[in-house]
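Have a look at the structure first, and then we'll go through it piece by piece.

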Amino acid sequence: MKPTKPIDGKFQLVELPYAPDALEPVISANTLSFHYGKHLQTYVNNLNGLLPGSPLEGFPLEEVVCKSEGGAFNNAGQILNHNLYFTQFAAPRSDNQPVGNLATAINAQFGSFDAFKEEFEKKGTTLFGSGWVWLSSDKDGKLHITQETNAGNPITKGLTPLLTFDVWEHAYYLDYQNRRPAHLSALWQIVNWEEVNNRYE
Ligand code: MN
């Protein structure tokens, strides 16, 4: 993973690689305006307020996540999680499929893309409360699907995060209300597998 460094001591709001309405109807521009423009911006502001004068001032975001606790961890974790989340999407495609070595690894380990999706969605649906479902890889290239509560990220367990679905209600409530499973199954249309494969390579 490329480290995310603060600029003049401040972490920045990540740039979206698409227009605000590009993910519709899977994620509306309205949801994006709150989720990216308000929730993520608040985590960035909070962390930038917490770090000055602390031992982690000036450290890359990934190191802050691995070495902090309490409020610094919660805000740093949420920034890293959302940076990975928002930069892994592209305009909807009904025939969207994994690519490259990651596609090969998914088929080898889970049997098929459909079987992988089923397990990933199940882990997202059954996560109680707020959190994230993750696909990550270990140092041998083996894939792992895990649940993390609240601001958790598999990077703290030595894994490389590849793909994540946000199951905090703020990620889907405006578009899907309580229907978390419907939201999760729709997200496959907008995964940018080129980007996710690049994280794996
Ligand atoms: Mn979120």
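What spacing do the donors of the manganese ion follow along the chain? They follow H-x46-H-x83-D-x3-H. Before going on, note that this is a predicted model, where local features need pLDDT of at least 70, side-chain atom pairs count only at pLDDT 80 or more, and totals for chains, interfaces and linings use all residues. Residues are numbered from 1 along each chain as its sequence is written, and side-chain values use heavy atoms, with hydrogens and water left out.

**The metal site**

The protein donors are His35 (NE2), His82 (NE2), Asp166 (OD) and His170 (NE2), and they lie 2.0 to 2.2 Å from the manganese ion. A donor here is an N, O or S atom within 2.8 Å of the metal (3.2 Å for Na, K and Ca); water is not among the atoms, so sites may look incomplete. His35 lies in helix α1 (residues 29-50) and His82 in helix α3 (residues 70-86), so this pair ties together parts that are 47 residues apart in sequence. Helices (H or I, at least four residues) and strands (E, at least two) are DSSP runs, numbered from the N terminus. His35 is buried at 1% relative accessibility, and His82 is buried at 0%. The cut-offs are under 20% relative accessible area for buried, over 50% for exposed, and partly exposed in between (1.4 Å probe, protein chains only).

**Aromatic rings**

How many aromatic pairs does the count come to? It comes to 15. Rings of Phe, Tyr and Trp (its six-membered ring) pair if their centres lie within 6.5 Å; planes under 30 degrees apart count as stacked, over 60 as edge-to-face and the rest as tilted. Here are two of those pairs:

| Pair | Centre distance | Plane angle | Type |
|---|---|---|---|
| Tyr85 and Phe89 | 4.9 Å | 85° | edge-to-face |
| Trp188 and Trp193 | 6.4 Å | 0° | stacked |

Tyr85 is buried at 0% relative accessibility, and Phe89 is buried at 1%. As for the tryptophans, Trp188 is buried at 5% and Trp193 at 2%. Trp188 and Trp193 also belong to one aromatic cluster with Phe110, Phe113, Phe116, Phe120 and Phe165.

**Where α4 meets α5**

Helix α4 (residues 100-110) packs on helix α5 (residues 113-125) at about 80°, with their axes 8 Å apart. The axes are lines fitted to C-alpha atoms, for helices over the stretch in contact, and angles run from 0 to 180 degrees between N-to-C directions. That makes α4 roughly perpendicular to α5, a label for angles of 65 to 115 degrees (under 35 is roughly parallel, over 145 roughly antiparallel and the rest oblique). On the α4 side, Ile106, Asn107 and Phe110 meet Phe113, Ala115, Phe116 and Glu119 of α5, where contact means heavy atoms within 4.5 Å.

Most residues other than glycine have a negative phi, and most peptide bonds are trans. In this model, the peptide bond from Glu24 to Pro25 is cis, with omega near 0°, and Pro25 sits in the segment before α1. Asp8 has a positive phi, near 50°; Asp8 is in the segment before α1 and is exposed at 78% relative accessibility. Gln177 also has a positive phi, near 50°. Gln177 is found in the loop between α6 (173-176) and α7 (180-187), and is partly exposed at 34%.
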